[in-house]
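User: I am new to this structure and would like to learn how to read it. Please show it to me, and then let us go feature by feature.

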Amino acid sequence: MAAQNTDDNDECPFCLIVQSQNASEILMIPGAGHHYLVITKTHINNCKMLRSEHIPTVERMAEMGRNILEKNKVRDMTDIRLGFHVPPFSSVPHLHLHALAPASKMNESSQRRYGPGSAWFITVEEALSQLRARGRIK
Ligand SMILES: [Zn+2]
Ligand SMILES: [Zn+2]
């Protein structure tokens with residue numbers, strides 16, 4: 001884990017959840033319908049703070065996102081979306097992976113919020129390839 005931007009934050013709602021859950025490294029929060037949030041126990045502000053050393057963490061977050069969708073009977077695992085909000089859009093300043101399905105059934109406003117074409121959303125695949133390529137998301 002990076003030393004930078006990883007201090008526990010008393011004001012952070014996700015850190016409070018993590019503390020109350022006695023969670024291991026990565027935790028899942030259910031949202032509405034097939035929409036889940038996967039959060040890190042360690043406080044990382046947002047996807048712009050990710051470094052190449054976080055690649056295993058991001059990979060585990062993606063795996064947990066896929067697992068939770070599968071467990072909740074998402075039939076078409078090719079029609080899912082996993083990704084992060086890009087600041088300043090992020091609603092909660094604690095890194096969280098959105099796991100949604102089915103991606104093709106999202107309405108227009110959801111596509112804007114969680115779409116791969118949106119400037120405020122980066123898919124986990126894109127985030128990982130940027131991390132692998134440059135060592136850091138810019
Ligand atoms: Zn936090
Ligand atoms: Zn978000």
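User: What percentage of the 138 residues of the chain count as buried?

Analyst: A residue is buried if 20 or more other C-beta atoms lie within 10 Å of its own, exposed if 12 or fewer, and partly exposed in between, with C-beta atoms placed from the backbone. Here 29% of the 138 residues count as buried. Keep in mind that this is a predicted model: local features need pLDDT of at least 70, side-chain atom pairs count only at pLDDT 80 or more, and totals for chains, interfaces and linings use all residues. Residues are numbered from 1 along each chain as its sequence is written, while chains are lettered from A and ligands numbered from 1 in the order in which they are written.

User: How many helices and strands are there in the chain?

Analyst: Helices (H or I, at least four residues) and strands (E, at least two) are DSSP runs, numbered from the N terminus. The chain has four helices and five strands. From the N terminus on, their order is α-β-β-α-β-β-α-β-α.

User: In what order do the strands form the sheet?

Analyst: Start with pairing: two strands pair if DSSP finds at least two bridges between them. The five strands form an open sheet in the order 1-2-4-3-5, with antiparallel pairing. Strand 1 and strand 5 are the edge strands, each pairing on one side only. Neighbouring strands are turned by 30° against each other on average, direction ignored. Take one pair: strand 3 and strand 5 are antiparallel over three bridges. His85 stands opposite Phe121 in strand 5.

User: Which strands does helix 4 lie across?

Analyst: Two ideas are needed. Two residues are in contact if their C-beta atoms, placed from the backbone, lie within 7 Å. Axes are lines fitted to C-alpha atoms, for helices over the stretch in contact, and angles run from 0 to 180 degrees between N-to-C directions. Helix 4 lies across strand 3, strand 4 and strand 5, at about 75° to strand 5. Helix 1 lies across strand 1, strand 2 and strand 4, and runs at about 105° to strand 1.

User: Which residues of helix 4 are buried?

Analyst: First the general idea. An α-helix has 3.6 residues a turn, so residues three or four places apart point the same way. In helix 4 (residues 124–134), the buried ones are Val124, Ala127 and Leu131. They cover an arc of only 60° around the axis, which puts them on the same side of helix 4. The arc is that of the directions from the helix axis to the C-beta atoms. Glu125, Ser129, Arg132, Ala133 and Arg134 are exposed on the other side. The buried residues pack against helix 2 (55–71), strand 3 (81–85), strand 4 (96–100) and strand 5 (121–123).

User: Which residues are buried in helix 2?

Analyst: Val58, Met61, Ala62, Met64, Gly65 and Leu69 are buried in helix 2. Their arc is only 160° around the axis, which puts them on the same side of helix 2. Pro56 and Lys71 are exposed on the other side. The buried residues of helix 2 pack against strand 1, strand 2, strand 3, strand 4 and helix 4. Lys73 follows helix 2 and has a positive phi, near 65°.

User: Which members of the largest nonpolar core touch the most other members?

Analyst: In soluble globular proteins, nonpolar side chains tend to be buried together. A nonpolar core is a set of buried Ala, Val, Leu, Ile, Met, Phe, Trp, Tyr and Cys residues joined through C-beta atoms within 7 Å. The largest one has 27 residues, and Val38, Val58, Leu97, Ala99 and Ala127 touch the most other members. Helix 2 gives the most to this core, with five residues. Leaving aside neighbours within four places in sequence, the contacts of Val38 include Ile26, Met28, Leu97 and Ala99.

User: Is Ile26 buried, partly exposed or exposed?

Analyst: Count C-beta atoms again. Ile26 has 18 others within 10 Å, so Ile26 is partly exposed. Ile26 is found in strand 1 (residues 26–30). Ile26 and Val38 are 12 residues apart in sequence, and their C-alpha atoms are 7.0 Å apart in space.

User: And where is His54 found?

Analyst: His54 is found in the loop between strand 2 (35–40) and helix 2. His54 is buried, because 23 other C-beta atoms lie within 10 Å. His54 and Leu128 are 74 residues apart along the chain, with their C-alpha atoms separated by 9.4 Å.
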